[in-house]
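Please look over the sequence and the three-dimensional structure shown here before reading the notes that accompany them.

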Amino acid sequence: MSEYIIKNGSVFDPVQGIKGDKKDIAIKDGKIADKVSSAAKVIDAKGMTVMAGAVEIHAHIAGPKVNLGRIYRPEDKLFSCTPTRGMERMGGGASIPTTFKTGYEYAKMGYTTAMEAAMPPMFAKHVHEEIRDTPIIDEGAFPVFGNNWFVLEYLKNHEIENTAAYIAWLLRVTKGYAVKVVNPGGTEAWAWGLNCLSVNDPVPYFDITPAEIVKGLIEANEYLGLPHSVHIHPNNLGNPGCYETTLDTLKLAEGMKAKNKFGRESVLHLTHTQFHSYGGTNWADFESKAKEVTDYVNKNKNITIDTGNVTLDETTTMTADGPFEHHLTGLNNLKWANVDVELETAAGVVPYIYSPNISVCAIQWAIGLEIPLMIKDPMRCYITTDHPNAGPFTRYPRVIKWLMSKKARDTQINAFKHKDKVLSQTSIGSIDKELSLYELAQMTRAGPAKCLGLANMCGGLKPGMDADVAVYNFNPDKPVANPEDIETAFSRCAHVFKSGVEVVKHGEIVGTGNKRTLWVNVKVNDNPQVMRDINEKFIKYYSMTQANYEALGHHFVPNPYALEVDATHV
Amino acid sequence: MKNPPALYLEADNVTPDGFAGKTAAQITELHVHEGNTTSTLGKYFEVSGNAGATAADTKIIVKGDVKKVKYLGMKMSAGEMVIEGSADQYVGAWMTGGKLLAKGNVEAFAATAMRGGELIVEGNAGNYLGAAYRGDWRGMSSGKILIKGNAGSDIGMYMTGGEIVVNGNVDVHVMTHAEGGKTIVKGNTKSKLGGQLVDGTIIVFGNIETMMPGYKPNGEVELEVDGVKALFSHYIGDMGERHKKRKGAIVYGNLYKKI
């Protein structure tokens, strides 16, 4: 494999504590190396910023609900298609890009790893076919567990061992990465036309509460010692006053400790926190509770979060929170699609326009920025747009601009139609903090990698780690003349290496790398009861046989990378 | 028109905006697409005369048989364009201003999501005139369309503003899902007028073959439409659809049929 040496760049690497020092980064055999031979190709990064490849912790980029969005929104592809060019295949779509465009866009911004945030287990094969067709970036997918009949039945009786055995089985057959929970119990209630809006609302028929589901899944997750913590989208998303449900959910993790060999310290990851930090009783007195939520997170070290920044774009919302999407279509009267996934989950899709002329949207924008600016430990807060729910992931450079420049925030605040309302309902106007490049590297690289249990592999530039490197045409030694320069620099990398292969050069795709599917292979003790339950459910309820369920073989996972977990000792 | 294309030609550069500030020679170099091959306007058209400095002072006359040419006048914002014959789909689609005259017929999707300006067709128009793009919920929002002949089905679908006048007859589905705007049909209509209409106005001078069940008679009114004063039956609807409230009162869509 080629050797490279990236010379004279300003390096930001939280893994080694490097804060902008001029350092050379050597790449050999796909890994970061101490040194390389004189034959190494030299990349001159003078006056540029060098970071590890970025890690996306939460995005909806592959699978049936993403594809449903693509199918039912032809207008999303209107005027957003890119023809075949150089190594790039044709692509299309603005908020729900095609798989190829998804891979290219992430890579051009310096992202080399991404997690699909909600995989319906029954459609794991579809998810993996799309992951396979998304070039360059390593990907994993989180199967959803929070409304799964097995989980509800086991946890009703607090059967942690059985839940854990079922999780291990499901991760293996779906080639899944982590335990995702979406509106615990609420999505199952939706099958009865109901919802669970608090952690104590009983789930109809199952006689269990969201609190019991969340607590039980955390216990099972730590019983197994999975690389990632439980990844939670709580109940009551997006409603005024929902921050109380969010705090109730976070409190469920109190006293719990992470047990794993991957260096992960958190037991609960709260996703798209912006959507869960609302105060007020209706849309008129709607206000930010970012402070209340971040205060709690700052105090409790076993919690990590991601932001879910609203980018003020026309986008496509999609979530396994079926009842929420029905609620949303009632608010904006735009087209609604709903899918039920038998014993496992559901999904809804609704287009949405975050208009700067609507006060609620502008307040949501402010809350999304308040959260990362109020967080004290950047290693526990990661930047996302919950793509495509709060905005397309292609807007990360714009979010970075807003976080790194108060001037850019003020420009946007002044452009809002209801500026006064934004200032009275949030504290965005009084926050002077500007994110440093080091903090940015923590929030987009080292932090999410650690939280995902990938700290030894990616998110840093320590010798021995995967050679995922992004070089930005951004000089940290010069004052930023114009905030727009930040957005421009982070939009298109000067160079990107993925596992030591140069994939982006001067903002263009020059290689498709060696894309891998990350999944977690857990060994557990034989559990005949769980195997019998699975067998019985397939015979009694599933519309497919167990033999057709597994995402197996080269067609679905052509280049797997399994994180091995041995949970037989417990 | 020369070298008639075997496939349909996509000529979205043929607009006052695309030509503005260019000489005849530069205009012949503009791109057109035939299937998956890209070539230049000069392959298919002789170009004479230079464009004005801006779109507003550019006038384009399209001569010859352009029945297989799509997207003429697409996204035009100002100026004037005359198509002397008949054209294919998407004439004046997404136009925001200016004046576009087709002396022959135009095919489907003319004035898709039009936001301003004026489209006049001396012949017939196809389906989805002034409608939203496939999947979109934003049809024609402003501007004026006059069809001197007949129009096809699904005209004014998802319309939110502006005016469509059809001097002849129209096919099924008029202003489906509309949330504003006005459509006047001087000839006869078939069925499904104003299905799922939230707001907007449909005025019919001729027959309505089948009324939608969601419309409720609301008496008779005298109206002056396009300079003609006449008595009309008034209906409100679509009763099966959501409606906005204005000053506490529900705002229904209006359907008028000349008595």
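Predicted model: local features only at pLDDT ≥ 70, side-chain atom pairs only at ≥ 80, totals over all residues.

Residues are numbered from 1 along each chain as its sequence is written, and chains are lettered from A and ligands numbered from 1 in the order in which they are written.

**Overall build of chain A**

- Chain A contains 17 helices and 24 strands, where helices (H or I, at least four residues) and strands (E, at least two) are DSSP runs numbered from the N terminus.
- Along its principal axes, the C-alpha trace of chain A spans about 65 × 55 × 45 Å.
- Of the 570 residues of chain A, 59% are buried, a residue being buried if 20 or more other C-beta atoms, placed from the backbone, lie within 10 Å of its own, exposed if 12 or fewer do, and partly exposed in between.

**Helix H11 of chain A**

- Helix H11(A), residues 359-374, has end C-alpha atoms 22 Å apart, in agreement with the 22 Å that its 16 residues should span at 1.5 Å a residue; the expected span is 1.5 Å times one less than the number of residues.
- Because 14 of its 16 residues are buried, H11(A) is largely enclosed by the rest of the structure.

**Strand S19 of chain A and its partners**

- Strand S19(A), residues 469-472, is covered on both faces, with Val469(A) and Val471(A) buried on one side and Ala470(A) and Tyr472(A) buried on the other.
- S19(A) pairs with strand S5(A), residues 49-52, in the antiparallel sense over four bridges, two strands being paired if DSSP finds at least two bridges between them; here Tyr472(A) is the bridge partner of Thr49(A).
- S19(A) is also joined by three bridges to strand S20(A), residues 495-498, again in an antiparallel run, and in this pairing Phe497(A) stands opposite Val469(A).

**The open sheet of chain B**

- In chain B, eleven strands form an open sheet of mixed pairing, in the order S4-S6-S7-S8-S9-S10-S11-S13-S19-S16-S15.
- Strands S4 (59-62) and S15 (216-225) of chain B stand at the edges with a single partner strand each, so one side of each is left without a neighbour in the sheet.
- Within this sheet, strands S8(B), residues 118-121, and S9(B), residues 144-147, pair in the parallel sense over four bridges, and Leu119(B) stands opposite Ile145(B).

**Contact between the chains**

- Six residues of chain B are in contact with eight residues of chain A, contact meaning that the C-beta atoms, placed from the backbone, lie within 7 Å.

**Backbone details**

- Most residues other than glycine have a negative phi, and most peptide bonds are trans.
- The peptide bond from His387(A) to Pro388(A) is cis, with omega near -5°, and Pro388(A) lies in the loop between strand S18 (381-382) and helix H12 (396-404) of chain A.
- The peptide bond from Gly237(B) to Asp238(B) is also cis, with omega near -15°.
- His158(A), although not a glycine, has a positive phi of about 55°; His158(A) is partly exposed, with 13 other C-beta atoms within 10 Å.

Note on methods:
Contact = placed C-beta atoms within 7 Å.
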